[in-house]
Amino acid sequence: MTTLRWEDPTTTGSGRLPGHAYFFGYDSSAAAATGQRGLSQGFTSLSGTCRFRYHDHPGRVTPADRAEPARTPQGETLDGWTVLSVPHLWQIDGFGQLQYTDEGYPFPIDVPHVPADNPTGVYQFDVDLDPQPDGARRILRLDGVEAYVEVHVNGIEIGWSKGSRLCAEFDITDAAHDGRNLVTLTVLQFADSTYVEDQDMWWASGIFRDLYVYTRPATHLGDYVVRTDLLPDGAAHLTVGLDLVTAPGAGAGSVAWAVRTLDGERVLASGRSEAPRGDADIDALLDDVAWWNPEQPVLYRLDLDVRDGAGRTTQHVSVRFGFRDLTIRDGLLLLNGSYVAMHGVNRHDHDDRTGRAVGMDRVRRDLEMMKRHNINAVRTAHYPNDPRFYGLCDEIGLLVVAETDLESHGFANVGDIGRLTDDPGWRATYVDRIERHVLAQRNHPSIVLWSLGNESGDGCNITAMYHRCKELDPTRPVHYEEDRDGRDVDVISTMYSRVSQMNDFGEHPHPKPRILCEYGHAMGNGPGGLSEYQQVFDRWDSIQGHFVWEWCDHGLRDVTADGGVRHTYGGDHGDYPNNGTFCIDGLVLPWQQPSPGLTEYAQVVCPVKVEAADRGLLVRNGFYFSSLEDIDLVVEDRVDGVVRRSLTVPAGPVAPRESAVVELPSPVDGHGQEVLRTVSVLRRAATAWSEPHARLGVFQLPVSGDGLGALAAPTTPGGSASPLLRRRPLTVTEDAHTVEVRAGSSAWTFDTLTGRLLRWQGAGRDLVVRSPRLMLWKPLIDNHQQENDALWHPRHLQIMQESTRGVQVERGDDRVTVVIRTTLAPPALDLGMRVTYRWELFDDGAARLTLSGDPYGDYTDVVPRIGLELGVPSDCDQVEFYGRGPGENYPDSRTSQVVGRYATTVADMFTPYVVPQDCANHEDVRWVMHRDRHGRGLLVGAERSPLSWSSWPYSGEQIDAARHVTDLVPDPDVVTVNLDHAVLGLGSNSWGSEVLDGYRVRFEPFTYSLLMSPLNAGDVDPGLATRGLRAAHPAPETAHPVPEVSPLGTTTRESRS
């Protein structure tokens, strides 16, 4: 039986040229200096339109498909073919089946076989080639084709290759000719190599990166290798190995070389290498160089003029490089002799319109966004990127963990993840992947670690990869997470280790440096707990890197029949099996909008920290190579959220990893109000990725007060201390099953059977139109799915039922008190919460609601929240609040948001997560007002402790039921308002850390209260009004006794007049 090429792991290609660095030759030094490959010798791009034919089986590909142009003499495309544009993935263009799995293979495991009905695409390109000099060779380069590709030129087979994310080059000289040529690529979706390309992404295939032809003269540079070493005296030792290819009998060639500044203005060294041998053909000592690092990514040019044996220049090459030295000493990784730690992310290639066929403009936006969010490192999870990616990291300043194209995660499903990794028969496949990767990228200063792959178990092939990697590049450390004991690798790694475990690793360091290659699973709303992780990372120098999983959601843009835009995930394309929303797990939404999680991460890794000091501020410099001479501190003193003083001071020349006190005047006097000092850290100068005065982070220091204070004295003699309401006689009117209480402009209507507040009118309008109710449930977030599966869903927390046990109405001199006792419990079980709502309806039109609960049954674990939900009219969607903002925040994800006064709308607060879920929460809320566009609405003030507050244009049930944003339709009548006593932290337990103990909300007794009042914000400031409310109606020192309640359906009133 014949072995198929694509089912033979002992061979990885045929006719493919050896790997080498990514560079081009030019006809002039001026063209070479541009670095634009389109100007290089013989460059012809094949990217763009081509003819495409899809087959459901490779056996259906005909000789004519490969050898005859599929067009008529008039240029029309033949039947069965279509015209499309590459790079692309053919499934996204409507051919074949899109499928997403995290780890499972989309076909039966039968190594090395793949499905016989293997989807196959045939691409035809009409390529016009210009005449070339004698002896020149034409090279076809493929930067990314998945998974197996055969190359034909004018019907002649050139070769084939495997390794989807590894470039492949073919010499097509003997088959090509001047003028028009037919280049045909036959691509199979699956091959034996697919077993090691199972990398938690969409199963899709095609030519997904650029392809092009370029020319090599008879005498040309075949490869080069740059090495830079930092000498003890601070000088740089530069060595460059040159592989000079000459035509047979043409004599030895030579290379004239020069090291220049990037602008070409200054020559640091120059010379000529005669008959290069490929080793230290350039050997120079340089005293005055700037060493590349992620904070000052200084690059230089190496200009090479290639000459043949007759002394004629055949090629100009200009490449960028950086002086960079990597060593490990005393268990620490040193960059240019200095300590460095990587604050990073894992990044997949993804575009929401084209999948893995990602344009370089989007790649640049990704990298610039990382820099703007204080990220200094990126792991190429889990494969090599477009070769230009690494040049961008060199330029922008990002440390790269350069991972090769290897993951066999699917074998975990059969309990044998290392099956191929420990199989010597797969050695060729494994070693080929690191060899081609290192040869292509080893000249980039940004690459600080090689990574041998991801989640493939351990075994003999990892050892073989490691040794081949070190042969090709002895200067860099090697990483592979599943070699956890450090048998081979130079850097130890784990993934998703909890905070406590990372602290233990720090207390008991390994002899080798350590990183956490994945953590903080950013699925949906989250991750939480990053601050606690960072405290551990900052505490221990032996932990030198951490990488959040992951950078971007993998949602694919889809337009619904009615024109709505949503983003799809596993199962949305009829694919089964699938892992659903597990690909929606990024810090960036699919359309490149930063999520609240990214904003939080930026603050957590902010390289400048600010603390309070006796005479001002203690400023800590967390940069590794830069002083703070370019950093300004904008200091604002806020009184009850309003900025009363602002000044800008320089941070000063604080050295890397040092601290200093910046003196400041004393904070302003709040005269009994809350005073907070807010410090924004700004970079003064513009950079390649940010505007001038870009904010690195923000810190807030408490000075005095807590934001829950009251006015010092009544504002009117003998009247209410509230400046917005005047006392009016209370009236109580009841009929069969309702009671109405009036005081001035306020009117409350209760159902005496259920105790529900049916309606509250005030300020000339409806204020509350959906009854307040205790809620323990909220729309499920992805990071709570495991808690839901194990704890909440089995106990039916999402469908708890509330039953009223009694209602009592009591009239006093200045208030009417309505007490409702209920039981909130799930069906079928004997657990629940006995709840008391105590309404105090004051004669000035304000109200206090005290909500308390006493659980019964054997459940004491976590709940999503404890709080109050009510509905205000939908036109009261204008919001002002005094609390933590302006962005969304949660108990374990709030360091990026500071307490202040903010104005927004309900619609703008709602975060458009791909999968709708709980969002828009704000912590530490002192007061919040919902109003209409005329300023009239409901003011809510916290008592004793701040609130957690959120508002949505939808009901919680709508959000929970929705699977895409297009499923959500704003409620035309009601805005949902959540006024919570406590909200469970986010954690990252969709795959990672549970919510830390300090952020857990348990099924335990509780009591909290809040003040509410109608208000016209055009007449009185809400902040002043809130303080007036607290003065008029001070919170009781002790809890109210719960009165005896008459039997259900009756109401008792007691007059104290």
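Modeller: Let's start with Arg442 and Asp223, whose side chains meet in a salt bridge at 3.5 Å, N to O; the term asks for a side-chain nitrogen of Lys or Arg within 4 Å of a carboxyl oxygen of Asp or Glu. The model is predicted, so local features need pLDDT of at least 70 and side-chain atom pairs pLDDT 80 or more, while totals for chains, interfaces and linings use all residues. Residues are numbered from 1 along each chain as its sequence is written, and side-chain values use heavy atoms, leaving out hydrogens and water.

The two domains here are domain 2 (222-325) and domain 3 (327-602), with bounds from an automatic or database domain assignment. Their centres, taken over C-alpha atoms, lie 31 Å apart. Domain 2 brings 18 residues to the contact and domain 3 brings 23, where contact means heavy atoms within 4.5 Å.

Between them, the two domains bury about 1,600 Å², with 53% of it on carbon and sulfur atoms; buried area is the accessible area (1.4 Å probe) that two parts lose on being put together, summed over both. On the domain 2 side, Trp292, Pro294 and Arg324 lose the most area to domain 3, together 39% of what that side buries.

The count of salt bridges between domain 2 and domain 3 is 1.
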